[in-house]
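This report looks at salt bridges in one protein model. Have the sequence and the 3D view open while reading.

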Amino acid sequence: MQFGHFDDARREYVITTPRTPLPWINYLGSERFFTLLSNTAGGYSFYLDARLRRLTRYRYNNAPLDSEGFHIYVKDGESVWNPGWQPVQADLDSYVCRHGLGYTVIEGAKGGVRAEQTLFVPLGGDCLLMRLRVTNESGAEKRLSVFPYIEFCLWDAMDDSSNFQRNFSTGEVEIEGAAIYHKTEYRERRDHYAVFWADRVPDGFDTAREKFLGTYGSPARPAAVFGAGCTGSVAHGWQPIAAQQFDLTLAPGASETIIFGLGYVENPREEKWEAPGVVNKTRAREMAARCASPAQFDAALEALAAYWDGLLGRYQVSSGEEKLDRMVNIWNQYQCMVTFNMSRSASYFESGMGRGMGFRDSCQDLLGFVHMIPERARARILDIAATQFPDGSAYHQYQPLTKKGNLDVGSGFNDDPLWLIAGVDAYLRETGDFGILDEIVPFDNDESLSQPLLEHLRRSFRFTKTHLGPHGLPLIGRADWNDCLNLNCFSEHPGESFQITGPSEGPVAESVFIGGMFVKYGRAWAAICRRVGLMEEADEAEAAVSRMEQAVLTAGWDGAWFRRAYDAFGQVVGGKECEEGQIFIEPQGMCVMAGIGKDSGQAAQALESVKERLDTKYGIVLLQPAYTRYHLELGEISSYPPGYKENAGIFCHNNPWIIAAETVVGHGDRAFDLYSRIAPAWREEISDLHKMEPYVYSQMIAGKDAKNFGQAKNSWLTGTAAWNFYVISQYILGVKPDWDGLKIDPCIPAGWDGYKISRSFRNAVYDIRIENPGHVCRGVKRVTADGREISGNVLPVFSDGRTHEVVVTLG
Ligand code: BGC
Ligand code: NOJ
């Protein structure tokens with residue numbers, strides 16, 4: 001069952017009922033100001049950091065769901081409704097929500113009135129714009145009132161949701177003309193305020209929530225809307241809001257448009273006030289003047305469309321398979337940009353208060369966005385590297401606003417360092433910009449500890465190399481990629497964090513997975529060394545990689561698949577002698593991607609075991625058999641009920657590792673089959689089961705051991721986005737940025753006749769036609785560029801700003 005459909009021409013997902021299984025959201029904003037917006041106009045805004053600069057409130061576990069946001073009430077006589085249905089939930093005569101690239105349009109109609117709400121964040125502006133267009137479609141004059149309503153957050157979302165003894169006394173606002181200024185704490189250390197404005201002076205307003213909603217009222221039945229209108233309240237403490245009232249008289253067929261804005265303004269300290277106690281509003285007025293008129297609104301919306309054309313245009317496929325094209329050309333790339341902006345900070349599952357920017361997360365996200373925004377990827381790499389410790393280990397997370405490592409979680413996740421190499425390697429291949437390696441970057445954000453980026457990579461590699469356990473495999477520390485495999489934790493008390501309980505390092509527990517990573521990214525490090533003339537260091541690195549490869553093939557091999565780890569007692573995790581958790585997905589994917597066991601047949605055998613033991617119709621589960629009880633020696637992984645999350649859920653992030661691994665052994669049919677099992681466009685038809693948005697990946701789909709097998713959770717912010725784009729674009733469709741050019745090496749279903757790709761790469765466009773006359777999965781027989789045959793399968797770096805015609809014949 002579906003709740004909408006894709007409109008590929010407009011690059012939109014069109015939702016045709018407000019009663020989606022869960023709120024289906026979009027992300028507005030691509031620079032500093034962001035808004036999460038659901039299909040019924042729920043959501044919230046923040047500036048840069050969803051924890052430290054939250055502009056509006058959102059309650060995650062509220063009932064009814066999703067009732068805070070950017071709602072507009074339409075009052076038509078006795079009838080009160082919202083174009084997005086929520087929060088009044090009055091039945092609408094028609095409803096549609098179009099989530100597009102960086103904008104959303106919600107349109108509802110009732111009783112002869114149509115109201116359309118268009119929201120986006122303009123490029124270069126620290127604000128959300130919202131246009132309301134109300135049309136009288138009836139045959140008689142209509143006297144209506146419309147009311148926009150938002151609830152301010154008192155900036156630090158964590159304090160805002162916990163420190164009520166203070167919060168209920170601090171709230172302050174100012175009202176001037178068409179604008180409401182939220183200035184809580186501005187009197188003391190804050191130099192910023194929020195402003196909500198309209199393009200005309202309203203007929204009424206409220207800024208105290210208890211006046212607009214009523215003390216015991218709710219957004220579903222605001223006292224002011226259902227009663228006598230706004231009261232002109234001025235908030236002193238309690239809950240400051242911005243609500244306005246506009247009375248409209250519409251002749252039959254007539255429309256009215258009102259443009260609103262929600263902005264964030266920072267003032268230099270010496271320019272804070274325009275009079276004692278009165279906020280200096282100059283910048284807010286300028287902001288509103290830049291985008292208040294309908295023409296400015298349209299122009300900003302067009303600029304946004306052009307921005308997305310530019311980003312997505314850098315990789316476009318035309319395959320004849322509609323679902324594949326819409327994933328690759330639109331939604332997967334779009335989601336990659338959202339993960340660039342958000343990392344793991346703010347979604348409808350990530351509260352914005354918790355995880356900020358993940359070290360490993362953002363490094364992996366790079367794989368998915370580096371081709372679209374190489375310059376911003378460069379800056380991101382430098383930010384991430386600056387949170388690394390001098391010994392090569394890293395803060396697991398950092399705050400986007402301060403860019404400082406998060407002390408609460410600290411470090412000790414021993415896969416983190418190697419992901420930095422993965423991210424930089426992807427950047428170098430995309431751009432050829434080796435100059436980045438000379439950039440001077442602090443360790444632990446301490447300028448006095450600055451070193452070139454190359455040194456950061458060296459220490460990443462060295463950290464793993466010098467933290468090995470009894471089998472010569474890397475020590476796992478607090479956990480590796482699998483945050484829930486906590487082999488040094490031994491937590492017995494409820495409420496203890498699995499992330500920080502126990503020692504951050506143990507001398508015994510080892511990770512086969514990090515061993516695979518060390519082989520894969522250790523080789524990348526060695527190649528970088530060679531490129532910059534460090535031949536001896538490259539040789540040493542390769543020798544260490546070979547030793548690791550041996551360790552993985554011996555201590556890490558279980559007979560038919562790669563083991564997962566050794567626990568703190570030296571017992572195997574992920575082996576046939578285990579009672580539960582005999583086989584895990586991660587090492588099969590990572591080790592085979594690293595090429596381990598490719599020649600000896602172990603790689604193919606490991607993948608066969610995955611097929612036999614971990615396959616389901618909805619994707620590959622993380623492990624089998626699921627843990628049915630809590631294992632003290634394993635930690636959080638066994639805390640989840642069977643089939644959920646890391647305990648045998650279909651953890652979508654590492655499905656593409658298996659997909660890539662299948663291409664390493666040449667299985668194009670299997671690779672694409674696995675790709676389509678988890679790709680949202682294919683799952684759209686089962687949206688009622690899947691529950692999450694059908695246009696983006698979710699972190700997890702419940703596995704076969706779960707009651708809700710097939711139901712997804714944690715949409716949007718997941719490494720799944722980057723890895724799937726990386727795998728479909730590079731491993732399956734086979735266009736891989738390489739050191740000296742664009743390498744063409746597809747691995748596709750044998751049945752495919754061919755496809756076309758347009759790829760921008762280092763200042764040239766490659767228009768590539770791939771033909772598969774012999775119906776093979778893999779193998780490039782002939783390549784021509786601009787009519788001339790090329791030897792090998794690497795297209796040169798043209799770098800001439802031109803478009804080049806490339807024809808590739810497989811066989
Ligand atoms: C995992 C969660 C876990 C969390 C702890 C995440 O990476 O996916 O299952 O609870 O880490 O912070
Ligand atoms: C989600 C986290 O963001 C990521 O860092 C981790 O690798 C996976 N969960 C698996 O635990």
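What is the relative accessible area of Glu256? The model is a predicted one, and in it Glu256 has a relative accessible area of 25%, which makes this residue partly exposed.

Glu256 pairs with Arg200 in a salt bridge, with 3.0 Å between the closest N and O atoms. Arg200 sits in the loop between strand 16 (192–198) and strand 17 (204–208), while Glu256 belongs to strand 19 (residues 255–266), so the bridge ties together parts that are 56 residues apart in sequence. Arg200 is also partly exposed, at a relative accessible area of 27%.

## Bridges between buried residues

Glu185 and Arg190 form a salt bridge through their side chains, with an N to O distance of 2.6 Å. Buried means under 20% relative accessible area. Glu185 is therefore buried at 15% relative accessibility, and Arg190 is buried at 14%.

Arg670 and Glu662 make another salt bridge, at 3.2 Å from N to O. Arg670 has a relative accessible area of 10% and is buried. Glu662 is buried as well, at 2% relative accessibility.

For the predicted model, the count of salt bridges comes to 69. The pairs described above, including Arg200 with Glu256 and Glu185 with Arg190, are examples of such contacts.

Notes. Residues numbered from 1 in each chain as written. Chains lettered and ligands numbered in written order. Predicted model: local features only at pLDDT ≥ 70, side-chain atom pairs only at ≥ 80, totals over all residues. Heavy atoms only, no water. Salt bridge = Lys/Arg side-chain N within 4 Å of Asp/Glu carboxyl O. Buried < 20%, exposed > 50% of the residue type's maximum accessible area, 1.4 Å probe, protein only. Helix = DSSP H or I, 4+ residues; strand = E, 2+ residues; numbered from the N terminus.
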